[in-house]
Amino acid sequence: MCGIVGVLGNHEAAPILVEGLKRLEYRGYDSAGIATVDAGKLARRRAVGKLANLSDLLVHEPLAGKSGIGHTRWATHGAPTVDNAHPHRAGPVAVVHNGIIENFKELRANLAADGFEFSTETDTETVALLAERHLRNGLSPQEAAYQTIGELDGAFALAFLFDGHDDLMIATRKGSPLAIGHGDGEMFVGSDAIALAPFTDQITYLEEGDFAILTRTSLEIRDQNGELANRQKRLIQLDVARIDKGGHKHFMAKEIAEQPTAIDRALAAYLGHDNAINLPEALDFSKIERVTLVACGTGYYACLAAKYWFEQIARVPVEVDVASEFRYREPPITPGTLAIFVSQSGETADTLAALRYTAGKATQIAGLVNVPESSIARESDVVLPILAGPEISVASTKAFTCQLVILLLMALKAAEQRGTSLPAGLPQDLRSLPGLIHQTIAGESKVKSVSRELAKAQDIIFLGRGHLYPLALEGALKLKELSYIHAEGYASGELKHGPIALIDENVPVVVMAPSDALFDKTVSNMQEVMARGGKVVLITDAKGAQLASDGVTETLVLPEVNDALSPILYAIPAQQIAYYTAIAKGTDVDQPRNLAKSVTVE
Ligand code: F6R
């Protein structure tokens, strides 16, 4: 959460910082701010709310200078106010921060005892004040920053700028990502490569504990032991540079529409023309006794769907957990465990901590990420990029379906290596998915009218059975995060064990039920809802619609699909319902309130 950008450049810094922040706004949009040094003089501008407010402010109160740092905030300590907005300044130091300083209360008390005063409620202000204290004690800016970070507990990526120094920036990371961009006589800093893509394609990723001293023409990196470190300079992939909406009204609409292409790309990488499943050779399921899948949010639901595949197809026992619970539960990890961590960003703090917990205990750690240079990728034994392409909208769409495709391929590979039989038609039927998804997206007009009705509800229930149960959970999550309507997903069979008490004519129930082996069971649960006056939106295929549409308020008909693939196809109406309900309610689709895309704090 929070995005950081910095430049030591040869052009005005403010527009460069704003451009970089625009690409980081998915990390938080509670406030934004920049600081520059112009002719040795440090100054800053900050505004509450989205970046557009900062841009407006800069029109009226421009900020000159060719060196600068910028920040877009997802509030942790202190409300989204101008005072709490970054950059934070103490005397000659300005600092931007992503992460949480866990010992900030002790540090505040210590600084207060020394006569320092506070003008914010943030943890970050202590960083600026500590650096100022070291400068007052005669340390150089480099030494002051170095001593400061030694006093911090918690997670941070930090960039420091100093009054009187036009050609100096300090960048450091522990627990939060940070990248350095190399220009021609210019140097950049960014929370990720996307932020730096308009300025350079040469990137150095800082590693855990790295401390970097930047000038326009030099970069010195010390590792966590203070030793000079030689970090690789990489060429970043070109498609990170493209973050436009491509003619769509929202990034989410674009990303929903991109799913056929994204899945095609993933299949091209992992499924050969001869239908051979090409996963990294190091992955050997024949030696695996169990699989542990860990993720957060939508990634967790992808893992839940994968449990059905791994268990039913490959006959491997699977445990699935949300990372925030897994990391503190101290689960025993026995030899023979393949631990799989699923994360679009590859930076989710809880998932990364869970991965670190399994390191040295699991037989193998696999990372499924959309950002191949991310921390989770770097710390996994085997990396499977999901190849979804940049996902900008805060709500995950194409990353989810690509995660599902790759998890299914893993389950099929496991079946192959363990000698269990593959479901009929697989893996070749996977190739039909892009076309079926395209067809589903094209037939969205009915989803729009259904969503207009759903937008009037205060509570909505999603039901699914078998591997559609995780999709019911995902449908509910997507709807609540985008439309702010309370929604819950349940396993259809669980309804009568409590949630059915909620049912009346004001609580619509969305039922996801392809005409598979469990269809009749789900239809019985649906009848129980209708018998209590509940209004049902049934999502099924033509056969299911023919068998079970009586009494149903609305039916959304999807193409027929191989049973094993239905969780992937049924993700599309779940996403569309959330999208169009949010449109009907007029909420901010791409940047829903209180959320951020990259959750780098616990
Ligand atoms: C919901 C959503 C979140 C993320 C979660 C994990 O639409 O996007 O629930 O899935 O924050 O993020 P990653 O996958 O980056 O670890």
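This is a predicted model: local features need pLDDT of at least 70, side-chain atom pairs count only at pLDDT 80 or more; totals for chains, interfaces and linings use all residues.
A polar contact is a pair of N or O atoms within 3.5 Å, and an oxygen atom of the ligand lies 3.1 Å from a polar backbone atom of T298.

**Contacts with the ligand**
- For V394, a backbone N or O atom is 3.4 Å away from an oxygen atom of the ligand.
- Of the 410 Å² of accessible area that the ligand has on its own, the protein covers 88%.

**The shell around the ligand**
- Two or more residues of the shell come from each of the elements α9 (297-314) and α16 (469-483), and α9 gives the most, with three residues.
- There are 14 residues around the ligand, and those that come nearest are S343, Q344, S345, T348 and E481.

**A pair of packed helices**
- Two packed helices are described by the angle between their axes and the distance between the axes.
- Helix α4, which spans residues 124-136, packs against helix α5, residues 141-150, at an angle of about 130 degrees, and their axes are 8 Å apart.
- An angle over 145 degrees would count as roughly antiparallel and one of 65 to 115 as roughly perpendicular, so α4 and α5 are oblique to each other.
- The crossing in which α4 passes α5 is right-handed.

Methods:
Residues are numbered from 1 along each chain as its sequence is written. Side-chain values use heavy atoms; hydrogens and water are left out. A residue is near a molecule or strand if one of its heavy atoms lies within 4 Å of it. A polar contact is a pair of N or O atoms within 3.5 Å; within protein, one must be able to donate a hydrogen and the other to accept it, and residues adjacent in sequence count only if both atoms are side-chain atoms. Accessible areas come from the Shrake-Rupley method with a 1.4 Å probe; for residues, only the protein chains shown count as cover. Helices (H or I, at least four residues) and strands (E, at least two) are DSSP runs, numbered from the N terminus. Axes are lines fitted to C-alpha atoms, for helices over the stretch in contact, and angles run from 0 to 180 degrees between N-to-C directions. Angles under 35 degrees count as roughly parallel, over 145 as roughly antiparallel, 65 to 115 as roughly perpendicular and the rest as oblique. A crossing is left-handed if the near helix is turned anticlockwise from the far one by less than a right angle, and right-handed if clockwise.
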